[in-house]
Every structure is written in C-alpha cells, then in structure tokens.
4 protein chains.
Amino acid sequence: MNPHLGRKLRYGMVGGGPGAFIGAVHRMAAALDGEWELAAGAFASQPERSREQGRALGLDTRRVYGSFPEMAEAEAALGEDRRIDAVSIVTPNHLHRPVALAFLERGVHVVCDKPMTRSVAGAEALCCEVERTGLTFALTHNYTGYPMVKEARHLVRTGRLGALRKVVAEYPQGWLSTRLEAEGHKQASWRQDPAQAGPASALGDIGTHLDNLVRYVTGLEIEAVFAELASLVPGRTMEDDAGILVRFAGGARGVYHASQVSAGEENGLALRVYGERAGLVWRQEDPNVLELLSPDAPRQRLTRGSGYLCAAAGHATRLPPGHPEGFIEAFANIYRSAGRVIGARIAGAEPDPLDRDFPDHSDGLGGVRFIAGVLDAAARAGWVSLADIEAADGGAREPARRAASIRNTAAGARQ
Amino acid sequence: MNPHLGRKLRYGMVGGGPGAFIGAVHRMAAALDGEWELAAGAFASQPERSREQGRALGLDTRRVYGSFPEMAEAEAALGEDRRIDAVSIVTPNHLHRPVALAFLERGVHVVCDKPMTRSVAGAEALCCEVERTGLTFALTHNYTGYPMVKEARHLVRTGRLGALRKVVAEYPQGWLSTRLEAEGHKQASWRQDPAQAGPASALGDIGTHLDNLVRYVTGLEIEAVFAELASLVPGRTMEDDAGILVRFAGGARGVYHASQVSAGEENGLALRVYGERAGLVWRQEDPNVLELLSPDAPRQRLTRGSGYLCAAAGHATRLPPGHPEGFIEAFANIYRSAGRVIGARIAGAEPDPLDRDFPDHSDGLGGVRFIAGVLDAAARAGWVSLADIEAADGGAREPARRAASIRNTAAGARQ
Amino acid sequence: MNPHLGRKLRYGMVGGGPGAFIGAVHRMAAALDGEWELAAGAFASQPERSREQGRALGLDTRRVYGSFPEMAEAEAALGEDRRIDAVSIVTPNHLHRPVALAFLERGVHVVCDKPMTRSVAGAEALCCEVERTGLTFALTHNYTGYPMVKEARHLVRTGRLGALRKVVAEYPQGWLSTRLEAEGHKQASWRQDPAQAGPASALGDIGTHLDNLVRYVTGLEIEAVFAELASLVPGRTMEDDAGILVRFAGGARGVYHASQVSAGEENGLALRVYGERAGLVWRQEDPNVLELLSPDAPRQRLTRGSGYLCAAAGHATRLPPGHPEGFIEAFANIYRSAGRVIGARIAGAEPDPLDRDFPDHSDGLGGVRFIAGVLDAAARAGWVSLADIEAADGGAREPARRAASIRNTAAGARQ
Amino acid sequence: MNPHLGRKLRYGMVGGGPGAFIGAVHRMAAALDGEWELAAGAFASQPERSREQGRALGLDTRRVYGSFPEMAEAEAALGEDRRIDAVSIVTPNHLHRPVALAFLERGVHVVCDKPMTRSVAGAEALCCEVERTGLTFALTHNYTGYPMVKEARHLVRTGRLGALRKVVAEYPQGWLSTRLEAEGHKQASWRQDPAQAGPASALGDIGTHLDNLVRYVTGLEIEAVFAELASLVPGRTMEDDAGILVRFAGGARGVYHASQVSAGEENGLALRVYGERAGLVWRQEDPNVLELLSPDAPRQRLTRGSGYLCAAAGHATRLPPGHPEGFIEAFANIYRSAGRVIGARIAGAEPDPLDRDFPDHSDGLGGVRFIAGVLDAAARAGWVSLADIEAADGGAREPARRAASIRNTAAGARQ
C-alpha cells in the first residue's frame, strides 16, 4: 500500500486497450509493489473495446469509460474515497496533452508516456499548467528507472569521472526493417503517422530516450546539435534512422545514433560516458551491470543489488545481486516513487527525497526541445543551438521562459 | 483477474515477516499480473511481528494471525466469498509440511517454497495427502519459470539435441564465504541449522535447484550419484559446498556442483546439456538468452520474446525481445499458471494446457530423494542408486510406490 | 619459405628502432609463417641507435644503415641473390612517401604503415609511382587481415544482408586521456606533431581504420561527410576526438566515431553493418567472433576456423576454432599474402587469388582523401562531398584521375 | 636472436609432417620472436613424407631425415656450429620417451608435447634421465604460457585470494561427437588407439591440461581423486568424457570435467579458483582477460598488457592491451623462455629468472601420475590417493622417490 495514505493509490488509465503494448507494461509496473490499484479506464476510442479491456481486467463496469473526457468528468464526480488519485496516459503522442490537461484541471495527478507532446509550444503550455496546479506529472522515461543508471548518475555527479569529455549514446532497433506501417501494424502505424506521432518518428520514439538518459546521468546541457535523419526503408515517409552530433556546454562532445532499421537488433540502448579520470558503460539489454573504466586499473563490473552502490540505486532495487531485475522493475520504480510523492502530497506529508527521483514535465519539455532542435539541424544541414529552439514554435516567449525556470527548479530539487 | 473466476484469487501467506527475503518475492510475483490478491497472513512466529507486517501490507487486521493453525482455522470459518483460495508457504523448511497439511485438510490449495520437506518419508506422506485431496500443490522451483528454460526443455524434448550425453549443472554462490550464521544473520542461520533446514544445507538450498532444473529440461532420470560434500568455512558444521557426479538412465553422465563459498559469485546457476547433435547453455544471470551449439554451424543466441520460440516460452513472457525480464517475472509465471489451474478447479473448468507447466509435489518428492541420495553417497564415498533411496527413511514402502506413480502421472500430464 | 621463390623473401626495415612499437609488430608478423626474413635495416635516424637495434636483431652489421637513402643505395648495389626484395616502412607518417619513393625507384617492393601520406596530392603522386613501376605496395591496414573481417566482407558482398542501409564504425581508445605528448612520450609526440603526423592526429591514426574497414567490408563509396573534431584534453592542439556522419552512394548512412580520450578504453574498434535482411557486428577486441543478426532468427556467432566460413577467411587462419588468434596473426596475413604476391612477381608466376587480398596504394589514397574530406567538413561545419576533395591539394588533376582509375582496377582485381 | 648466444637457437623437429596440426603450431611459436630457427627434421615415419615436409619448409635436404634415430646420430656428428641445440617432439604420445632419450643422451635439449609418457614408470625413468644429463626439458603445456594465467598464479601465490577453498576446472570440446577415429581421421585415430595414446584418451589429451593448469596457478597438491570416465559415443572404446572430484592437501576441493563430446564446444578450457577473500575466473577462449571476484567489491576485469599486472605476465606479453594475443603467442612464450634457458646453459650464463617459467619434466611426471590416479579411481569407483599411485606401475620405487624430489626442486626454483 502507499505508505503515506495507508491504502493503495487509485489510478485510471487512458489508452492501453486490447492489443496495445505499453498499457500492459504500465499496469504491471503499477501492480508490482502493491502500492497502486487500477480503478478506472478509458482504454480505447471505441467504447466496446474499452469495455472489453475493462472486463478482462476485472474493473467495475461503471468505471470503464468510452472516452477520456467522460472519464475525467465522471471520476471527478465521485467521492474522495473512491475517485482516482492519478491517471496514466498511454495513448499515441497527440493525445498526451489534451488528456493531461483534462485531468490536471480536475486535480488528478498524471503519469504520462513520452514524448510529452508533439510540439515545443505544446510542451511549454503543459508545463505551465502542471506548475499552476501544483500537481505531480511523471513522465515514463523508464530507462532512468534502472538502478544501475542511477549509479551511473551518482558516479558522474560525485566526480568519479572528473570533468566529462565524451558521451556516446545509441539505440539500435530493427523492428521497422520492413514497412510494417503499410501492413496495418498498430504500433508501427501511429508512429509513422505525423498526425499522431508529431513531426518525428524514430527520433521521438527512441531518440528522446538518448537525450533523457544522457541528461539524467550527466547533467550536461546541450549547446548545439547537428543531425542527419533518413528514411531508409523504401516508401517510408518519416525518419527511421538518426545520427546526431552534440556539443555540450563546457566543451564535451556527444555522438548519438538511433535506428529502427538495424536489422536484428532488439533494444540495444547503450550509454558510454568518458571523463578525464574514468569512463562508464551501461547497456539496457544487460541492465543489472554498470562498467566503470579506468585508465590505470582494471575495468570494474558493478552489479545491481550490491552493497557498494549509492542510496538511489539501492532504493530502486528489490532483489539481491545475481537475481536479475528487468524492464518492468525499472518502470515500476517510476510508479513507486511517483506514487509516494503523490501520496505524500495528498496526505500533506513530506516524501522521502529518494522518491523524488523520477522524470517530470521539465524532462518532457527538454525532450521535445531536443526533437525540435534535431529536426531543425537536419533540415538546415548545419549546427543548431538548442537555446534558440523556442522560436520554431512561434511567439510563445513567456511560457518558454517560465518553463526554463521550471527546469532549473526541478533539476535542482532532484540533485 | 483470474480468468476462470472473474475475480482475483485470494491467498494467505505463512512466513514472510519483516526482514524475510523470499516472502516479498512471492508477493511481488503474485501481484505482477493482477491475478492474485493477498487477503490474510501469519507472517511471523511472534504475533506482534506478524501484525507489523500485515499493517505494512495494508491487510485487514482481522485477517492477520499469530500462528498458522489459527489462520487455517479462522479462514476456513469465513464465507466462500471471502476466505482464501490458496496459501503461500514461505517459512524455513521444517514448517513446509505441517503448514501444508493444515491447509490441505481444509481444502486450501498450496504454493510452497522448496525443498518440500526435510525427509523422503515426509515428502512421500505429503504427496499422498495432496493426491488424496486432489488440491493443487505448486512448488516454487522458480528457475523453471524462466521462458528460456522452457525453450531449452522444448528443444531437448523435441529431439533437437538428439540422444543426450552430458549434463553440466552448477550453482556457485559466495554469500556464505564468512560464517554469517554465527553473526545472527537470519537467512544464514536457519539454513545452517539442521532442525530447521533438515539434514542438508547448501545441497537443499541450491543443490536441489540443479536437480530440478536438469529434470525439467532433460527429463532424464538419475540412476546413481556420487558426491563429495564439504564445510569449507572453518567452524561451520553443515555443508557449504557439493560436487556430484551423476549417472542417468540411458547412459548419459552429469557433473553438478554447488557452492555457497565461491567468493564473489552471486547466483551463477548455469545449465549445459549436450546431445549427439547439439548442445545448449543457459545462465541464470543472463536469463533472457539461450545458446544453442551445433557441431557444424554457428552458435545461436535465442532470446526471450522472439517469434521463433515454442508456445510454452511465449506463454511465459510479457515483453518483446530486448526488454529484459528477470527473476520476479519467472517467479510470477509459477503463480500465474498455478493460479489459473486453481481457478479452473474452483470454477469446474479446464485450464489451458500451457498453464499446467509448474513444479508440483512430485517434483518436491524428487528433490528430497535427490538430497537423500547425495547425502548417502557422500557418507559412503561410493555410488548410490536413487531407486534404493526410500529405504533410508524406514519402511514407508507403500507411500513411496504411490508417490512414484504420482510422479509419472504428473510428468505425463505436463508433457 | 616463400612458395614461389623456394626461399624466404628478404626485407629491410626503415624505422622500428629501440622503443618503437609497430616495428616489432611488423617483424613478428613477417616471422610468424617463416616466409620472410629480415636482412637489412635503417632503424633510427641516429645511426648509433640503428646499429643498436640491428645488433639486438642479429643482423649482419654491414646491412644496418644510418639512413634510408644510404640503405636504398647500398642494397641496390648488392647482388640479386642477396639484396632485399622488399622494404617495410614503419616510420612516422611524414617519411612514408620519401622512403617509399626511394625504394620503388630501385625496384624494391614496399610494405608501408598507414596513413599512406600526409596529403592527397602526395598520395596521388605516390600512387602514380607505384603504378608506373608495377611494384607491389602493401599498406598495413591490419584490421582487414582478421579472418572474421574477411567473412564479414564475404557475407556483405554475397548479398546475405541485402541492400545496405546503416553502418556504425567506432574506435574508442583512452591512452591519450592525459597530455602524454607534453611528457616526452614518443608515440604520442609524433602523432600530435603536424610536421610528422600531417594535418590530422586521431583521425589519421585511428579514424582511417574506420574508413578502411568499412570500405573493405561493405564496398560502399562515401558520397559526403559531416564531422566534428575536438581537442578534449586541455592544452592539446591537434584533434583527439572525432564524430563523423556519412552519406554513402546509394543512400545508406553511416555514423563513425573515434576517440583517443575515452578513458579506460583499450582498442575498442567495432563495426556494425545493417542491411535490409540482416546485420553483422565485429569487435576487434574479440576478433575471432563475427555476429550475424537476423530479424526473425536467432543471432548467430560465427567463429574463426569453422568449416562454414568463406575461402578468404579460411585462407587467413592457422588454428582450429576455439584457439584464439589475434592481432599479430591478422598482421601476418598481410605479410604472408603480400609476400606471396611479391614472390610470384619476382618468379614470374601467378599468385593464388586468395593472396591478392591485402590493402594497397589505392586504399591508401582513399584513406588520405577521407582524412581531407573530414577535415574540410569540420572546418566548414557542413557536408563535404569526397568527390570534390582533390581540389583541396591544388591542381594535381591528372594524377587524381589516374589514381581514381587505379582504385577501380585494384578493387576489381580483389573482388 | 637468442640473447645469450648472439645467434638463433637451432632446433630439429620429430613429427609434424604434412597434415599434422601441432607441428605447425610449434614452428610458428618458435619463429614468432626470431630466437629459434628450424635446422633439421624427421617429420614423418615414411621418409618420403618427411622429405616432402622438409622441402615445403625450405630445409637443407641433407638434414631432413627418415627416422629419429638417424637424425639423432647424424646431427650429433655435425660440428658444434651447425648441429641442433634442441629437438621438438610433436609425435603421438608413445614416441615421446624414446625420442627424448635418443636426443638427451647426445646432449640435445628437449621440447616435448604432453602428456610426457604413457606410464608413470616411463615418466619417472625419463625424469631421471633429464636430471642425470642436466639438460633442459620443456613440456608444452601451452596454456600456462598465457600472460593472464601467469597473473592468476601471481594473485594466488601472493595471497590475494586468501586460503584456497574451491577449484573448478573444465575443458569441454565437441570435435569427437562422432566416431571420427572410425573414418580415418588422423588426429582422432591415434588419440583413440591405446598403443599410441596410452591408457587414457580424453583424459590424457585434455584432462592433463586441467591438472597442469590448476597446479600452475594454485600450487595445490592433490591428495585424492574420484572419477567417472565414459565412452559416450556408441562404438567407441576409450573414454571421451571425464568427471573428476578432487581433494587437495589442506582441505580445498575441486571439480574437474573434460569432454570431447560436448557437441558444439570448441576449446572451452576454463579455470575458476575461490579463496576465503576472493575468486578468479579465466577462460581460454577469451585469454586476454582475467576476472577477479570479491565478496564486497565489483568484479574486476584484468587485461593482458596492462601496467598493473605482475612481472611474469608482463614478460609474457608483446602488445599493449586491447590488441589481442592468442594461442600461438602463449605457445611462443614457452619456446622463448625455454630457448633462453637453453641458450644460457650453452653460453654458461645465468638466465633471467622470468625465463625459468615454463613446464618441465616434473610437470610431466605430475600429469602422468594424475592420469594414473584418475584411471584407478574410475576403475575402483572409489577415492584414490595420488601418493599411492606409483605402485600401479610396479616396483619402480627408487626413481619415484627421486622424481618426487625433482618436483620439489623444480617447483622451488620456479617460485
């Protein structure tokens, strides 16, 4: 149960109907630690499919809705002891913002999949609304939920690597090596549809993970990007491959690459960070391990669950070393921590600082800005400064500045 | 929810109080898929500690008990719509049998940790009771819950390796490299106490996993064993290391070794099986991978979630390839399948054959016999036939024979 | 012995004095198969150090020279049964061309370290001289000597991957993480001295290996490059880090990165190539393995020495699978093959087509053009077409065109 | 050249004719460092095939012999400035002793493949002859030539692991998964012929490597062995699989297993040693790495060539870290060191202590005793003390005792 509330946190889900992938992951992640319970849902745009999913999940049929506005309204009308505390948004990208706004304005905390929105202006506006309401907004950049990623962050932030010099981040996948979107493949179709995905496809889907992971671990701010985007499968219109060069404030350099046409690759997300004194390597497909490289000493293989790890890594682990934890557990770390922060807010209590460690709206804004910058650089075939990127969305100057300050506050809180 | 019942399966837990390790694993495994709910518990032998745990878990305080007999009786007195359907036994070994009997006789299905009992006679008697009641008894030999172990079994059983020749099974751990049991370490203490652990320590704790894993994957019957047991940490009285040579029916040979003093090892359980045409390798610390070795072709790296795997492996997986699943997910596979078989029995329905795939009392009896045989071989410094092993427990001839027939039935059912 | 000559091939060495690294590698590579013998040397610019090295190697003191012009002249004056057949050039880059010319014009075949020259104009001129003399020029881009690299080439060239889409090539090293060149470190000093190294440092030293390896395996022609070069160690003037984006003719894309400040990395050269049907991964630090990735089948691990490999891979191997071969053996493959081609030319015989498989002057020119293009792209912060790159060196139009035809001829011969 | 002689050491080879495997390895190992030169040979029992090999190697035809006695006699008759200094014996096992004796009695130093002889009595007699002549006898237990094996030895011997507790040594191969010896396969045929191989097949071929490697690294003396030998391929008469349990003096335990029917395995030799404070793992197929395991610290990955390694490991390496060395280089370490010790003896000089580090006749005797003990244990199905093992060969008491003292002296010298 939620330690601040003495009961489980109640949540509703928008999206995640029959055949969806990520909705089931959210539900398992929420269930794992026994601190959340699913109480309502608008699982699909077709009411019958929403009800089908609700039945399969054993939900009270009165709380399975045909649309998210209906759900937002109906749940708000329930008593405090019944209505949902939070909503999980697991829809295609174009719905993230309207769904979030519908619930935020009714006082419901939000867990939302990434990327946060399709545009920078949209992200800025959503950030302002989150700030205005004071509610919790958790973004499921799930890879930062891995304990060894937290250890990587700790090692960098406590100076173990010295001044950073080079970052290599990559995410090769192969599942879009054929034009699945032309064959009615649901996951592929919306990702290759600009109306749903926004202006970026592979870049938004997996490229933002690179950005988020690098920011989380290193704290480096991107100064400028150069990029090459390509549609490597004949007939495809949106990009399925990206190569990105990065200049960080302070002089470090980065090479990022993401691809959904690296035939035979599964989810080869990997991060390498090198500083003046040491380097580190983390690979998502072997997530219980973090390698620490030194110029004059043997490479060390740090493992999840070990006594020598930092508090954040320990807080994010459930099993002793050698008994692997995986993707769902990392995802569950976001739910557990966000749930406790939400519970503490509801209860008027102070959350454990270790539970403040999850991606939020400021990370979401950062990710959307990164996408915009990369798209711009690729279009111009030149370096683009991320500081200039708001302009691309028109005159939303004020929110941008507010959002920038948000970021700093949030980042500061998390240090 | 449980697909046969249209509600979650209700279970109680015996053991798993504050500070226990495996109880929390059982709870996460049960929670993961949303098909079980914890409804009652006798978490510790001290009532206050049991209540403390119950509170932390958000249980109705009236269903948190000070002892397992009290729990068995009180739950049986509840209405059918409230009382527990099953009990999870997560105590030290000596309590497995009495707790199981207390619930079986009240019609409650059982999930029990391994080894099943301390003695062969005890195991045989418990098997008879399970058979008599017709209830489900699931034994959490969790490693067989891994999808790639199921694929290994499939490859062997469908002849991909040809006639089997050699099996190498190993389980190096290092956590008992110092005499933790002398320092009040709870997990170490009961495992090194014959009254609680039974006559075997490392052998019962991890050696039985080797036996179970080999049986599950290969179906080979052990004809005879030779063994060397040792207490390698000064001052320790029970064995912390075992080397075992095995002769299988049909002529294959086996080398097993298990150790809790392999300094620096975590949970290095690994299985290698070689046949006339191919070999396979599986490593628990990298559980999403199964390697298939061929004499004249490249080694293949099969990965969990892939489309080319067998139905049993697919049934036991939640995520696409490249997003690692781990120990809890494997554990949860036992809960999910056992829960569905239990639900089907309660509902008078037929379970999915793929859900019959979990270790049961016959596996428990096999494991206890293996322990007894190995102890005997080490004591005699000679080969011991497992077929002769019942005698060691005295004249319980009749149950033994019945139990033998049980095993065959169960194994047949699972094919 | 050399199979065409019935004796060992005699060679002299320029460079490779006491304390040098690569000279000793060349000597071991030449010695390994018993087909070459060292007969002369001008090992250092200081005559005394040259003699010291000659003595340590047991050379006839009359054939240890104080300078390469002296050696070229004196050896030419010896009888045909004594003088060297070939010269190995293992000096810093600036000497490659003058040394090569001195020997070519006296009819001596050449083995030369890479990069071939400091400038494109120099490379074109040297190519013309090689073509004019008809002598053999082998460039020790040693990584293409690895058997599994040859298998990779074979798989790509025979269509196993389908049309190529993406190439990732990387070479992280960490040995220049401190400013060794300021501490008198010999290897570091000349590499960071433009007079000796030419206009590129890390790019020439290890970046060209990426270019050469990709060309060798894929046959892809680079259309344009974009690059970011950086000096990441404070006080350093030449680049120690490079990120390069590549557009290939036909539409495939590439990401290359090379660094000498990736603290803790050793020689992490790795190549990944993805096509429409499959992908492959090769890592220099585990060179006996080539991984073949498929979208719908298990990843395959091909190993050196196996019966299923192509003829070129088999020709380049000495030991059965499982007995690792390494860097020296790969290097020796260049010596063995080049030596046999040289021997065949001397003997007026036809070499085995499998021995024609070593990098030559056309690869050298390609590498120098690649360096020039990358330098130009980084300077302009924009895409640069390699086809335009000759211009950078001024008006050497004619040689350039001739050299281009050379490349095609040589590449054709090697197919 | 040999540093003590100012010239290369001249050697002859017995065995290693056309089609042989290990002869070519010896020649490459001898050639690599330029300190040995092949001067004579009796390469095959058929003179024509011996001459064929001699021609292919470019030898003076007068020094290619039709038999080893002819070679021993003729070489002894040559002048000191021409005759061979040493002989390499690369024949099947049954010829090791007679060939060695023929050359030892003429003052020729010996490099011999393993196992040294077929019987313990034979090994003892040969040891006495080596001692009597004072000549050098190097046994090519090549795996101890790997630098990281030397580092492993260093770590154990300097107490990094504390008191040793457990050793796991394994050598799975798969190449005899079919009855190659029935198909005229040369390598398989002599190994499965007791007249040539002696009483053991897989045990002599690869089992002795386990024994030698464990002794070299740990210094542990075997007190007793238990074993199971099997012929797992139908129709085969000698063993192709061995499982061995070991009790060491001082109480440590060992598990060894070797198999030539582990289908798909290449040369999976691996060693794991665990002590009270740390453990280590070395795998022959990844020989440049040694893993050091600690209970409370990250696993360390030590790599060949690194500055932090011991002097013996450094002495045995040619390349910086990250440029892999392999099997031939390890083999060459034995040649280089033995050659320098031989050269020093010839020159009346003192060899570098680091060059004394190669297996000798005492290791050979130990290996043959190990074979005899294991055969005896398997036959008796009981523990056998290695101290009792001489008796098996009859009354050769006196040599045995002398040989025992030899071992101690030699071992002492090597410390």
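How many residues of chain C are in contact with how many residues of chain D? I looked this up at the outset: 32 residues of chain C touch 32 residues of chain D, where contact means heavy atoms within 4.5 Å.

**Ground rules.** I am working with a predicted model, in which local features need pLDDT of at least 70 and side-chain atom pairs count only at pLDDT 80 or more, while totals for chains, interfaces and linings use all residues. Residues are numbered from 1 along each chain as its sequence is written, chains are lettered from A and ligands numbered from 1 in the order in which they are written, and side-chain values use heavy atoms, with hydrogens and water left out.

**Chain C against chain D.** I found that these two bury about 2,500 Å² between them, 62% of it on carbon and sulfur atoms; buried area is the accessible area (1.4 Å probe) that two parts lose on being put together, summed over both. Glu266(C), His323(C) and Pro324(C) supply 22% of the area that chain C buries here, more than any other three residues.

**Chain C against chain A.** I then turned to this pair, where 45 residues of chain C are in contact with 44 residues of chain A. Together they bury about 3,200 Å², 54% of it on carbon and sulfur atoms. Arg165(C), Glu228(C) and Ala263(C) give 19% of what chain C buries against chain A, more than any other three residues.

**A sheet in chain C.** I traced five strands in an open, parallel sheet, in the order β2-β1-β3-β4-β5. Strands are DSSP runs (E, at least two residues), numbered from the N terminus, and two of them pair if DSSP finds at least two bridges between them. The edges are β2 (36–42) and β5 (137–139) of chain C, each pairing on one side only. Three bridges join β4 (residues 109–112) to β5(C), and Cys112(C) stands opposite Leu139(C).

Note on methods: Helix = DSSP H or I, 4+ residues; strand = E, 2+ residues; numbered from the N terminus.
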